[in-house]
Amino acid sequence: MKEKCGVIGAYSFEDIDISKILVRGLESLQHRGQESWGIAVFGYGAFKKLGLVLEDPEDYYNIDKMRGNVGIGHVRYSTKGGTTIENAHPIEIGKSFFISHNGTIANFDELLNKVSKENTILSSVTDTELIGIRLKQLYNRNKDWHTSFKILSRELSGSYSLVMLTEKGELLAARDERGFRPLCIGYQEDTKTYLIVSESCALDSIGANLVRDVKPGELVKIDKNGLSTFMFCDNENHSHCPFEYTYFAHPSSYLEGINVYLARSRIGAELAKKYQLEGDVIIPVPDSARPAARGFSVESKIPFEEGLMKDRYRKRGSLRSFIEPIQKRREEIVKKISAVRAVVNGKNVIVVDDSIVRGTSSLVIADILRKAGAKKISFVITFPPIRYPCYAGIDFPTQEELIAYRFCKDKDDLNYINEMIAFALNVDFVGYNDIEGLSKAIGFPPGEFCFSCVTGDYSCLKCTPKFKSREEMKG
Amino acid sequence: MKIMGVGNAAREHAIAEALERSEHHPKIFWLAEIRNPGIFGICKRTGGDFTLSKTTEPEKVANYAERWRVDFVIIGPEEPNFHGVPDELEKRGIPCVGASKDLAMIEMSKADMRRLQWEYGIKGKLLFKTFKSSQDAYIVLERYSDTLTWLQNVALKPARQAGGKGVKVVEDQQLYLHDEKQRFKSRHADWLEDYMKSYSDIDDKILVEEKVWGPEYTLQCFTDGKSVKGMPLVQDNKHAHEFDIGTETGGMGSISGPDFNLPFITKEEYDESLEIVKSLVQAIQDKTGKSYHGIVAGQMMLTEIEGPTIIEMYSRFGDPEALNVLSTLKTDFIDICLAILDGELSKLNIEFDKKATVVKAIAPKGYPDYRELAKNHPVFIDEKEIEREGCKLYWGSADLSEDGKILSAGSRLVEILAIADDMQEASRMVDNCIPYVKLLDGWGLFYRSDIGSYELLSKRIDVANRVRRLYHYRREKGILGKRIDWLPKVGKTDPVALLKNELSKSKGDG
């Protein structure tokens, strides 16, 4: 079971090798998952690999054999389950029904009980498999996807952006009623290809237009009659993930109509107003914090410089550390960041980062900057303090590993948290964002977001999850 | 006064209605290929007559006009023009608002229209090539497929007007799909050749034009041959499904107003577009020695390379664009027709209501790709409720049988129009009427709720702004309309000069 991931589905009304479009899209969703990837094409089954998309030149030959006009694909970063080829998506359920999932099921055990009453299944089932099996049960009973999703949405709590390829060669896509994870529809005019992708940046690289977001609670079906949509659940209350805006999504993407780059830039500007800091230079932690640092710099009129460099030419140097599954590898990537001495030496440095989760990378960065001669180090963090695990699709560690929880427990005073974390990181100042400031800068009221990792209030997931240890999660 | 109309779509229903509104209180007669319930009703109400007949046979149409002793005839669709119906009527001394066969060439042959435009140096041109077989087309497309020339990104069209069908734009810009795009080009060329077999009235079969992008709009005009008077701009939405996806159709709905122009086109661009249409009317009159009296329309696009650009010409009103303009027309439509026929259009002041209009077509599922499936479903429409919502219903592809039942005829069933102060309001008004249109056998209908919506309009404005910046830049630098291609071993070439050269040579041959 695994999933904070990127999904893609494509259906062409022309005779075109959809696999080419799928891998092209997956390449530009790579920032959503680096562990494994896979595609399934109607009539050809699935092809899955560990590692980056098309890392192995042999892959081109394998992809080339998969000729068909409809298929789905997935890049994976695990929230549950280990990094094995068996856990890679798309997952085949029964025969020739494929499913790819971005999200996490919060009431796994409950659903497992329900499913095993009707079918005997292995206990090692992943949450995506479980959704798939349940869906097939419901579909066999109702012979109708719309009704099946209506029932499933009542049984399921958690986040799911799904794309599915059915035995009949239909492409289905569904987004949970709260809209935790993004999903959007695109169209490529001359190849008459309908696309369903996690983020619009994939549409740009495919050469397709963004049509619109899939609505929370919407089921989209594409078959030979074209695109049809059904609302299987009409929930006024949405819980979009703010972490997508600050860290996860690609800056060029549009989520719910809002461009990620501009949102980050506004977040930076808001923070500059909130903490009227004095400093000589603003430097971003590469890469996701860069637009926010720029926004901070424009607002505060303190110059923006690239004081930290990520060595993207080294092996694994350009990968994202947060989504690496193994702590050692994570640190290895962080260590491939170096300071530009000429920029930071003797300066009062304001570092802008997207978030502090475990604190590992912040500690390393503070250390690097100090050694490069920074006089004073302030951290400005675009995401509020994270003190609770995520059950909606982001792989935050267990509560004990979260630095803000370790040092501040349940104390809610932001000034107190700022001071404690500054102490913990051994820097001069830490300024976290708050829920109101972040929501305002993105452009929605706070009620439109899921802030369960900040507040510990899991009501938007319809259940109170039992916090598990990392070993339990990763099985 | 007695007037005869020809044609049976929603456009003709709107024409009949505009005639009926006139102070002249005419008796309205109609010739059509299916019994459109709306036009049928108007004919009965005004004491005229309605007859089913082939509308593309000049003799037949003229016979009816003589029998009914009508004062003049107005032609709705293009095919009667292509077949010389206006010519036959005039020969028999019956005035006709409609382009005669030679003049309608600007619509019938997209290739000849383009040649005329280049010959007379009229603005808003596109590079083009014509072919008599798909083999010829493919050889050329293949030869240039790996070079940086305009032939990489092209629109493949039937060289003759074919009801808006068969246009395929292939943009060979993603290297990873290069082979596929090449295949599309050759396959579509084959398809076009096959498709054009049913038309023997022009030589060219396939038209290849450079691919352009930008917002499209329709400028419909009245003309008496001497002056050309523009109507409010309208935008049609060709795609079958919401947010411009799916197959292209004859038009799923159109918007206009609120102030004569469209929100994404400037006054200057309107004037330039009108100038282009005027020049084309003059050019075709000059070429044929005939006088154009009727309707002429430019299906235009704002492009980065030329600014306002002609995509196609119409020798008649657009459908559904006719509904937007005729419903807001304040001047008596018959007075306009008479001025067109008398050559006195310049003296007439033509006025339109300053309102926004939205038209949405409702079509049975199956349209446009599987029209047989969309046919013969019994229709029920609550016209009273639609009226109560403040909207107007126009019948399109619907057939009224002898026993009073109405059956769908395969294309867009009805079009509903709303007039309001702003476009979003008009769009909402039409959406409220959708439940009142039903097929009694439960067969599905579809329409586009997004036409006239804020979201779609914002998209159009955004695209228009991007194109405008580009063509303004070109104009400032004095490079508007210039193109450069790059050929290996040859280097920089000027495709405009090459095309002009080719055109003058072929003229010499002919």
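Two strands count as paired if DSSP finds at least two bridges between them. Helices (H or I, at least four residues) and strands (E, at least two) are themselves DSSP runs, numbered from the N terminus. The model is predicted, so local features need pLDDT of at least 70 and side-chain atom pairs count only at pLDDT 80 or more, while totals for chains, interfaces and linings use all residues. Residues are numbered from 1 along each chain as its sequence is written, and chains are lettered from A and ligands numbered from 1 in the order in which they are written.

Chain A splits into domain 1 (6-238) and domain 2 (263-443), with bounds that come from an automatic or database domain assignment. Taken over C-alpha atoms, the centres of these two domains of chain A are 33 Å apart. Contact here means that the C-beta atoms of two residues, placed from the backbone, lie within 7 Å. By that rule, 16 residues of domain 1 of chain A touch 8 residues of domain 2 of chain A. The domain 1 side of this meeting has 3 nonpolar, 11 polar and 2 charged residues. For these classes, Ala, Val, Leu, Ile, Met, Phe, Trp, Tyr, Cys and Pro count as nonpolar, Asp, Glu, Lys and Arg as charged, and the others, Gly among them, as polar.

Next comes strand S10 (residues 193-197) of chain A, where 5 of 5 residues are buried. A residue is buried if 20 or more other C-beta atoms lie within 10 Å of its own, exposed if 12 or fewer, and partly exposed in between, with C-beta atoms placed from the backbone. A:Thr193, A:Leu195 and A:Val197 point one way from S10(A), and A:Tyr194 and A:Ile196 point the other way. S10(A) pairs antiparallel with strand S1 (residues 6-12) of chain A over 5 bridges, and A:Ile196 is the bridge partner of A:Gly9. Strand S9 (residues 184-188) of chain A also runs antiparallel to S10(A), joined by 5 bridges, and here A:Ile185 sits opposite A:Ile196. The hairpin of S9(A) and S10(A) has 4 residues between the strands, and A:Lys192 takes a positive phi near 45° there.

As for the partner chain, 15 residues of chain A are in contact with 13 residues of chain B.
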